Amino acid sequence: MTNLAIDRLAQREISHWQTILQKEYDGQAACFLLKKLLKELRTLPRITFAELWNEQERSCSVANAHKLAKGLLTKSWEELHVGEWSVVPQVWREVYAFVSLVFVCTDVSRDIEEASRLLDLAVLLGTESWKEDILACLEYLESVRTGYVSLWSDTVLQQQAHRLVVDSCIAPSGVVKYPLSERHRPSLETFFNQYMKPQLPLLIKGVATEWPCIKRWNNIVYWKQIAGNRLVPIEIGSSYMSEDWSQQLMKLGDFIDKYIIQSSRRIGYLAQHPLLEQVPSLMNDIQIPEYCYLSETNSLPRIHIWFGPKNTRTPLHYDAQHNLFVQVVGWKYIRLYAPGESSKLYPSEGTLHKNTSLIDDIEQVDTEKYPDYMDAVYQECVVGSGDMLYIPPGYWHYVKALDKSISLSFWWT
Ligand SMILES: O=C(O)CCC(=O)C(=O)O
């Protein structure tokens, strides 16, 4: 598994942080601890996360490193919670991520749940620089936890009792008045010339229907086994534009129990979250659609999950990138407006949500307040399991779940 070598990693950054902390922030005490931590780590053999985690007899250096990491963890956590998130200095986020890693792998209690919680926090609150190492450690811990047991035989997956949504091949009827163009497995050339280049939306059938996620992700036991323990950010409230909206970190398993299985009074939505980056084994359940490789930059798409109960609503907005939206479980209603309709859609003023309409719920519009809205021309569709929708950059879209639902978006440039 992970070939993380603790002593080598430490040297990579610590002296750089010391310079910044000493010069710019109230970091004297942190610098002192960092120096001592580096010294302890240097005395460790070139040891991997897995070796350190499994070591029977912890050496004195390991115990000291743990104590020092604990002090730094407390200090950097405090620094992360002073004032607005956007102004938190990068260096404290880096220190926080690094010491979380050292703290976890030198912990004698070897509590996998707690270790995963701390490392998930480090991924969410840290920076890119330690992400890869931390994700590798998380994957290792998951493999220890599940013992590499493959529970995912067809028999288990087929059990009705464990399903999120009882399969229904028939799309909810009477919902769509102005249907969007639809094609079965268009060739790359057709997709590029007729849709991507002229920036026209398209409902694509038959591409994602055989992906393993179609069966696996409709199974509650699967989710609990593969990521039930992992910490994820949940949006609470009817939509991100409403006044009652907030965010909360919780374990995916608890989210499923509280917001998906039982129907909570308030909506909880795991929205736009890079869960497949956080839990890389989920990548085995999908394929990257080849349309995403029609890229100007050769970059891989950014993949986000949208996992929520019936009636989640993402208000009318647009994004700057190409999007292949894949419906994995349940049904969703999607309405699309071309960029040329923008003036009738009342974009928000200010910088925070200027890609979002002021109209919170387009199914209940106050036409006195928003009179031009009724003249805006739109297309719509209902997407079901295995359907894929191409949303061009700048295209306004509104999304509502008609059922418990899981979707993926692949954004690329
Ligand atoms: O599924 C949703 O709720 C919203 C999806 C979306 O807005 C997107 O993929 O850009």
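**View 1. Strands E7 and E12 side by side in a predicted model.** Three bridges join strand E7 to strand E12, which covers residues 396-401, and the two strands run antiparallel. The model shown here and in the views that follow is a predicted one. Within this pair, Thr314 stands opposite Val399 of E12, while the bridge partner of Arg313 in E12 is Lys400. Strand E7 is largely enclosed by the rest of the structure, because four of its five residues are buried. In general, the strands of a sheet pair through backbone hydrogen bonds, and the pairing is either parallel or antiparallel.

**View 2. The open sheet of four strands.** The strands of this sheet follow the order E7-E12-E9-E10, and their pairing is antiparallel. Its edges are formed by strand E7 (313-317) and strand E10 (379-383), each of which pairs on one side only. From one strand to the next, the twist averages 15°.

**View 3. The open sheet of nine strands.** Here the order is E1-E2-E11-E8-E13-E6-E5-E3-E4, and the pairing is mixed. Strand E1 (182-184) and strand E4 (246-251) are the edge strands, each pairing on one side only. Neighbouring strands of this sheet are turned by 25° against each other on average, if direction is ignored. Inside the sheet, strand E5 (residues 268-273) is joined by two bridges to strand E6 (residues 302-308), and these two run antiparallel; Leu270 stands opposite Phe307 in E6.

**View 4. The surroundings of the ligand.** The residues around the ligand are Trp306, Thr312, Thr314, Asp319, Asn323, Phe325, His397, Val399, Ser407 and Ser409. Three of the residues in this shell are nonpolar, six are polar and one is charged. Strand E8 (322-329), strand E12 and strand E13 (405-412) each supply at least two residues of the shell.

**View 5. Helix H4 and the helices it packs against.** Helix H4 covers residues 60-80, and at 1.5 Å a residue its 21 residues should span 30 Å, which agrees with the 30 Å between its end C-alpha atoms. The buried residues of H4 are Val62, Ala65, Leu68, Ala69, Leu72, Leu73, Lys75, Ser76 and Glu79, and the buried residues pack against helix H2 (28-43) and helix H5 (90-105).

**View 6. Ile226 in helix H11.** Ile226 lies in helix H11, which covers residues 220-227, and it counts as buried because 22 other C-beta atoms lie within 10 Å. Leaving aside residues up to four places away in sequence, Ile226 touches Val279, Ser281 and Leu282. Ser116 is 110 residues away from Ile226 along the chain, and the C-alpha atoms of these two residues are separated by 13 Å.

**View 7. Two loop residues with a positive phi.** Most residues other than glycine have a negative phi. Arg110, although not a glycine, has a positive phi of about 45°; Arg110 is found in the loop between H5 and helix H6 (112-125), and it counts as partly exposed because it has 14 C-beta neighbours inside 10 Å. Tyr346, also not a glycine, has a positive phi of about 55°. Tyr346 is placed in the loop between strand E9 (332-337) and E10, and with 18 other C-beta atoms within 10 Å it is partly exposed.

Definitions and conventions. Residues numbered from 1 in each chain as written. Predicted model: local features only at pLDDT ≥ 70, side-chain atom pairs only at ≥ 80, totals over all residues. Pairing = 2+ DSSP bridges. Axes fitted to C-alpha atoms, helices over the stretch in contact; angles between N-to-C directions. Near = placed C-beta within 6 Å. Nonpolar A, V, L, I, M, F, W, Y, C, P; charged D, E, K, R; others polar. Buried ≥ 20, exposed ≤ 12 C-beta atoms within 10 Å, placed from the backbone. Contact = placed C-beta atoms within 7 Å. Expected span 1.5 Å × (residues − 1).
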